[in-house]
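The sequence and the coordinates are shown first, and the description follows.

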Amino acid sequence: MRSVIDRMERAGRPPLHTLPPAEARAAYEAGAGVLEVPKAALERVEDLHIPARDGHALPARLYAPTRGAPLPVLLYLHGGGFTIGSVATHDVLCRELSRLAGCMVVSLDYRLAPEHRFPTASNDAWDALAWLAAQAQALGADPARIAVGGDSAGGTLSAVNAILARDAGLPLALQLLFYPGCTAHQDTPSHAAFAHGLVLEEPAITWFFGHYVRGPADRDDWRFAPLNAPDVDGVAPAWIGLAECDPLVDEGVAYADKLRAAGVAVDLEIYRGVTHEFIKMGRAIPEARQAHADAARALRTAFGLA
């Protein structure tokens, strides 16, 4: 991990948070595949559009390892602080999850800040999940075996979706959360301990959320900070994968504790010696490949494929 960080520093590229959002998105996309595992070939990869509540057509990409029998399906929500990231930046990861878990993955391009501030991303994620549940059969998916997952900001959206699904009576097999953001204010000890020099830095977090929230009240909304949810009783079982050297690690543990206290089954993995974003570094970081395998195993078990 230290070697990766040293190489990133030697590359001398400007930090994303010093760029305008459009330039930051392009820079993130340009570097997204550099440390990824090889791109898996799948039987079926299709681009599609999902309608949001306001009529906007949300781009999405469907991945499936096989055709024929209905497959369980994971709605995947990418990371990027609600401001950067896309289906393209998480293409390799979604292919890998589909390949390893033997399931369909639908990756969503929800709308980004600052053009679309809170709660647009949350609304888009829920609209996509509700649509996926309704259209599963037509897509070749099994409507009785649906999961939601994502990394970082996408993990936040996934945790929120799990609560909304419970409220709507939509049963989910699993919520798959890679280092999700869960707290209203970045004030845990890990935010102080890992504020600088470890991929996700404090100025970047401030930059992301400055673009996303409309004002201080949004931070207290549980759709921004799932730790503020009044209750999480009855939500889907969770698999949570955290990075030890990550500003977000404490809030991930706190959310796992909140779920467990409510009687929700939680499988928590903390990958030692790695930072935020490590799951997209499988070419260089063995823990990334381990996390892919662990997440896929959790999906297979939840879907009854194990």
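## Backbone, sheet and pocket

Pro 119 lies in the loop between E4 and H4, where helices (H or I, at least four residues) and strands (E, at least two) are DSSP runs numbered from the N terminus. The model is a predicted one, in which local features need pLDDT of at least 70 and side-chain atom pairs count only at pLDDT 80 or more, while totals for chains, interfaces and linings use all residues. Residues are numbered from 1 along each chain as its sequence is written, and side-chain values use heavy atoms, with hydrogens and water left out.

The peptide bond from Phe 118 to Pro 119 is cis, with omega near 0 degrees. Pro 114 is found in the loop between E4 and H4 as well, and the bond that joins Ala 113 to Pro 114 is also cis, with omega near 5 degrees. Most residues other than glycine have a negative phi, and most peptide bonds are trans. Tyr 179, which is not a glycine, has a positive phi of about 25 degrees; this residue is found in the loop between E6 and helix H6 (189-193).

The sheet is open and consists of 8 strands in the order E1-E2-E4-E3-E5-E6-E7-E8, with mixed pairing. Two strands count as paired if DSSP finds at least two bridges between them. Strand E1 (44-51) and strand E8 (266-275) are the edge strands, each pairing on one side only. On average, neighbouring strands of this sheet are turned by 20 degrees against each other, direction ignored; axes are lines fitted to C-alpha atoms, for helices over the stretch in contact, and angles run from 0 to 180 degrees between N-to-C directions. Helix H5 (residues 153-168) packs on the sheet and touches strand E3 (71-77), strand E5 (141-151) and strand E6 (174-178), contact meaning heavy atoms within 4.5 Å. The direction of H5 makes about 140 degrees with that of E5.

E1 pairs with strand E2 (residues 57-64) in the antiparallel sense over 8 bridges. The two strands form a hairpin with 5 residues between them, and Gly 55 in the turn has a positive phi of about 95 degrees. Within this pairing, Leu 48 stands opposite Ala 60 in E2, and His 49 stands opposite Pro 59 in E2.

A search of the whole structure finds 19 salt bridges, each being a side-chain nitrogen of Lys or Arg within 4 Å of a carboxyl oxygen of Asp or Glu. Two of these pairs are listed below.

| Salt bridge | Closest N and O atoms |
|---|---|
| Glu 115 and Arg 25 | 2.7 Å |
| Asp 47 and Arg 61 | 2.7 Å |

Glu 115 is in the loop between strand E4 (104-108) and helix H4 (120-139), and Arg 25 is in helix H2, 90 residues apart. Asp 47 in strand E1 and Arg 61 in strand E2 are 14 residues apart.

The largest pocket has a volume of about 1,300 Å³. On a 1 Å grid over the protein atoms alone, a pocket is an open set of points where a 1.4 Å probe fits, with protein on both sides within 12 Å along at least five of seven lines, and lining residues have an atom within 4 Å of a point. Grid points are joined across faces, edges and corners, and the volume is the space filled by probe spheres set on the points. The lining comprises 48 residues, of which Met 8, Leu 16, Tyr 28, Val 199 and Glu 277 lie nearest the centre. H1 supplies the largest share of the lining, 6 residues.
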